[in-house]
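Reader: I would like to learn how to read helix packing, a sheet and a core. Please show me the structure.

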Amino acid sequence: MSVLLQIQEATIGGRAEEAVALVKEAIAGGLTPEVIIQDGFIAAMAVVGEKFKNHEIFVPEMLVAARAMQFGISQLEPYMVSGERTYLARIVLGTVKGDLHDVGKNLVGMMLQGNGAEIIDLGVDVSTDAFVRAVEEHKPQFLGLSSLLTTTMPVLGQVIDALEAAGLRDKVKVLVGGAPVSQQFAEKIGADGYARDAISAVDLVKRMVAAG
Amino acid sequence: MSKRHPRETMTPRERVLAALYGKKTDRIPVGNPTSVATVECMEACGVYFPDAHLDAHKMATLAATGYEILGYDTIAPYFSVQQEAAAFGCEMTWGDIDAMPDVRKNPFNSPEEIEISGDFLERPATRTVIEAIRLLKKEYGDHVCLVGKVMGPWTLSYHLYGVQKLLMDTILDPAKVHGFMKKLKQVPVMFANAQLEAGADVVTLADHATGDLVGPNTYRDFLLPVHQEITPQIKGPAILHICGRTTDRMSHIAKAGFAAFHFDSKNDTLEAKTIAAREGLLLVGNINNPDVLYAGTPEDVKKRVFEAAEAGIEIIGPECAVPLRTPNANLKAVVEAVREYCFR
């Protein structure tokens, strides 16, 4: 089996140490970081995503696969010339004020990162002001807002209103997600997109980037 | 709202308990095994979050609005999911008038680090719930169904150890996850029995092994054996609450020994009822919170209630603790719609 296929298998199985060892082997064998990322890790996560969509696997399997990918890709950093990487998009992420849930948001971040996005993760319980400041400072193409609680869902809309008030609304696409959030709710509060899980979030960002 | 409809022959308490024991009722009971506290109810009774989480009189006063103002057949004083976590000494944020409490840090790294001390039920967060039930029992005990609540060992592990770590360890270190379950299973038993002794008629056991996070095998392998141990030790009927998608694990849940299962609107109601009927599981729920109760109209609520009634859901109510800014008109519409459906 080629080392790239082995990387895929180790990633899908969530075996981080094995993925790290295989990356070293791949580099020693002359493969470039881009090939290893694209044909090893991103290819693996596409399989993971498909299995997740089909309910063959659930969040724990996704988390350990994403972790294996992160471990593997971190091994490649010394081999990547700075400025060499072009990112899919710059994305600021965070869980809204009053909400401390981060698993979904972390998974979205890891999956997007694995698919070539630059992620600026503001963490949990992020104030509306902090989101506005981050949009001002980082000038991301996307702002991803997460809320797990029905009690914090309205805050998603408040962040959008605050961007409007700061004159930044047309500078960034706002994506929302979280267990109680729906497409209907996303439209109601004027978000640009909704994704029901981390896999759909990757698809959504890719689609929106392609559409310009 | 709390006034009896002319065609009602049972008290709210009789109605809920009859439904839970599979007996005939005068109409479908309306109850929420989690929480129906709203900002509107807080304004009406003068008791607000976060005070109501740690003061038994305030907790009881606010909980009673579920019956007094909304007309539900149940009164459920434990509003959040964090009283035990607070009693374990987790650093808390107690929230606000419209925000539930939550744990700031997950303090324990292994089951061995957790100590369940002899005074666990005497700590403010746990004692408040027990005391509130005792107060409610005096006032409403012979008339309204009093619902206690406890967190199961899986949810306690989320709070004490951390959700992401626990989920990953189901694959990376399953023995550790089993260790947490083994260590924590005694907590819901002792807290539930204290609430039952204080006057609760039924307890909700929330253990969020939801399809939004884990697969049916996780419930089967990590939770089911522990639930089977817990349920016979609880000295009263217990309702399991798990939000999100759960139809794929309902056949396992049916074997766990709960009186009923409180389920979410993410499940197709008819499909869920079909599985539950086959497995002999009673269902409570599953009116959608975010789109229907929070953002919808009384007319939307009525439509969903009729669907749930038509499907044969045994106790109708919100799918989960309601968003705190849910309009009371929508919550009352659940009772009105059930009466309309049953007495038409």
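Author: We take the helices, then the sheet, then the core. This is a predicted model, where local features need pLDDT of at least 70, side-chain atom pairs count only at pLDDT 80 or more, and totals for chains, interfaces and linings use all residues. Residues are numbered from 1 along each chain as its sequence is written, chains are lettered from A and ligands numbered from 1 in the order written, and side-chain values use heavy atoms, without hydrogens and water.

Reader: How are two packed helices described?

Author: Two packed helices are described by the angle and the distance between their axes. Helices (H or I, at least four residues) and strands (E, at least two) are DSSP runs, numbered from the N terminus. Axes are lines fitted to C-alpha atoms, for helices over the stretch in contact, with angles from 0 to 180 degrees between N-to-C directions. Here the axes of H3(A), residues 33-53, and H4(A), residues 59-76, come within 10 Å and cross at roughly 175 degrees. H3(A) and H4(A) are therefore roughly antiparallel (over 145 degrees).

Reader: How do strands of a sheet pair?

Author: Strands pair through backbone hydrogen bonds, either parallel or antiparallel. In chain B, seven strands form an open sheet in the order S1-S4-S5-S6-S7-S8-S9, with parallel pairing (at least two DSSP bridges between two strands). The edge strands, S1 (74-75) and S9 (315-318) of chain B, each pair on one side only. S7(B) and S8(B) pair over three bridges, and Phe263(B) has Gly285(B) in S8(B) as its bridge partner.

Reader: Which residues have the most contacts inside the largest nonpolar core?

Author: They are Trp154(B), Tyr219(B) and Ile316(B), in a core of 164 residues. Such a core is a set of buried Ala, Val, Leu, Ile, Met, Phe, Trp, Tyr and Cys residues joined through side-chain atoms within 4.5 Å; buried means under 20% relative accessible area (1.4 Å probe, protein chains only).

Definitions and conventions
Angles under 35 degrees count as roughly parallel, over 145 as roughly antiparallel, 65 to 115 as roughly perpendicular and the rest as oblique. Buried means under 20% relative accessible area, exposed over 50%, partly exposed in between (1.4 Å probe, protein chains only).
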